[in-house]
Amino acid sequence: MKLDADKNPWLGAQSTRKLFAALPDDSARFVGGCVRNALLGEPVADLDIATTLEPADVAKMLKQAGFAIHETGIAHGTLTVVCAGTVFEITTLRRDVSTDGRRATVAFTKDWNEDAHRRDFTVNALYADLDGQVYDPTGQGLADIKTRKIRFVGDAQTRIEEDYLRILRFFRFAAWYANDQALDKDGLAACRDLQAGLKTLSAERVWAEIKKLLSAPYPFRTVNVMLVGGILETLLPEASNAEGLQLLCELEAKKVLEPDPYLRLMAMSGRDELATARLCKRLKMSNKEKTRLMHWAGDQTKLTPDMPEKETEIALYTAGRQVALDRAVLRAAGAGDKMDAWWHVYNKAKDWQWPSFPVTGKDLIALGIPHGPQLGKAMQALEALWIRSGFSVQKPQLLTAAKMLFRNLDGT
Ligand code: ATP
Ligand code: MG
């Protein structure tokens, strides 16, 4: 089996050739996602390279050839090279010395076979040299590519006990690449039996995997398998409504929407502030992620598809753009014969020229309103007035109103 160089321009790219030329013959091969995706006819993102050389030797040879090396992962045997916009991760062949369900202690090896057997899935343990020649040390990878089967290398249970993250990787790769009929039964049973181990993983690793799973083009069927196996409840007790995900995926297909893992997570939860706060905290989401989810969960603005145009605009402005979009698209997904009406609200939120409040703090200070809580209150009151008018009151009138308001606030 050989990779087609025409269909995989990264294989013959100048940066690739230069990198391989800097290393001795047969010392480096592509591995992992790039080989798997090239064989599946899926887009290739990053380029992982495995090598028989020790990291310090790789660093020396590549530096001599003029490459800039990032050595952040060198302790684990990985060097990163960025060349002509392409990221290469070059990792020395490894074998596990010991594992504890989360981290492995590894030793370097020169044996491709050993390296293959510590990798997670047969389709991830395929290697390719610069000519595109594919190597399959487990003897199952190429067959599993053909049937699009995600199968653990070796005994599924043992491999999961070495690293519980592999449960999530199993479902992630299944969601992206597997044939539904080919979900490996042993793998699935082991994931189900050992799911309690997920609780030992760091929130960051888990959340990163969930995002990748929920970014798959059509993750519903896999998520449903997770639901049936009880894994969804273990992983996301606050967001285990698989049916909500199904409805959103159907809408995405109908309306050609890009997959959005956050929206999909919302579709699997309820608009419940407490539960959402728990979810964000447990998964240690970033502030930006948390803000989007919490605003959506807590928004109290009345928004229905049958409101008059002006009222809709006032609701959109009050809710905020992202919240309005999220609420509308999720309602459209579950709305049955009201889908078009909610879709109209979504489009309105997307295309509407959001007006900007014409008065600034500076304007009010120029009127003599001092810095401090009064200024904030005055701004809020003026904005509320402006919103109620359907954004029609102009700046001069607002400033006149501000003067009156300040007199009242000031009590003079
Ligand atoms: P993609 O980059 O498209 O998400 P990938 O297969 O390249 O997919 P990476 O996370 O980049 O995934 O890992 C690169 C390779 O390293 C994998 O293909 C696999 O061979 C190996 N690998 C990564 N994580 C694990 C793990 N937890 N257990 C065993 N092998 C792993
Ligand atoms: Mg990769």
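Mentor: Two strands pair if DSSP finds at least two bridges between them; strands (E, at least two residues) and helices (H or I, at least four) are DSSP runs numbered from the N terminus. This is a predicted model, in which local features need pLDDT of at least 70 and side-chain atom pairs pLDDT 80 or more, while totals for chains, interfaces and linings use all residues. Residues are numbered from 1 along each chain as written, chains are lettered from A and ligands numbered from 1 in written order, and side-chain values use heavy atoms, without hydrogens and water.

Trainee: Which residue in S5 is the bridge partner of Ile49?

Mentor: Strand S2 (residues 47–51) and strand S5 (residues 86–92) pair in the parallel sense, over five bridges. Within S5, the partner of Ile49 is Ile90.

Trainee: Which strands stand at the edges of the sheet?

Mentor: The open sheet has seven strands in the order S3-S4-S5-S2-S1-S8-S9, and its pairing is mixed. Each edge strand has a single partner strand, so one side of each is left without a neighbour in the sheet; these are strand S3 (69–70) and strand S9 (134–135).

Trainee: Which residue in S9 does Tyr127 stand opposite?

Mentor: Strand S8 (residues 127–128) runs antiparallel to S9, and two bridges join them. The residue in S9 opposite Tyr127 is Tyr135.
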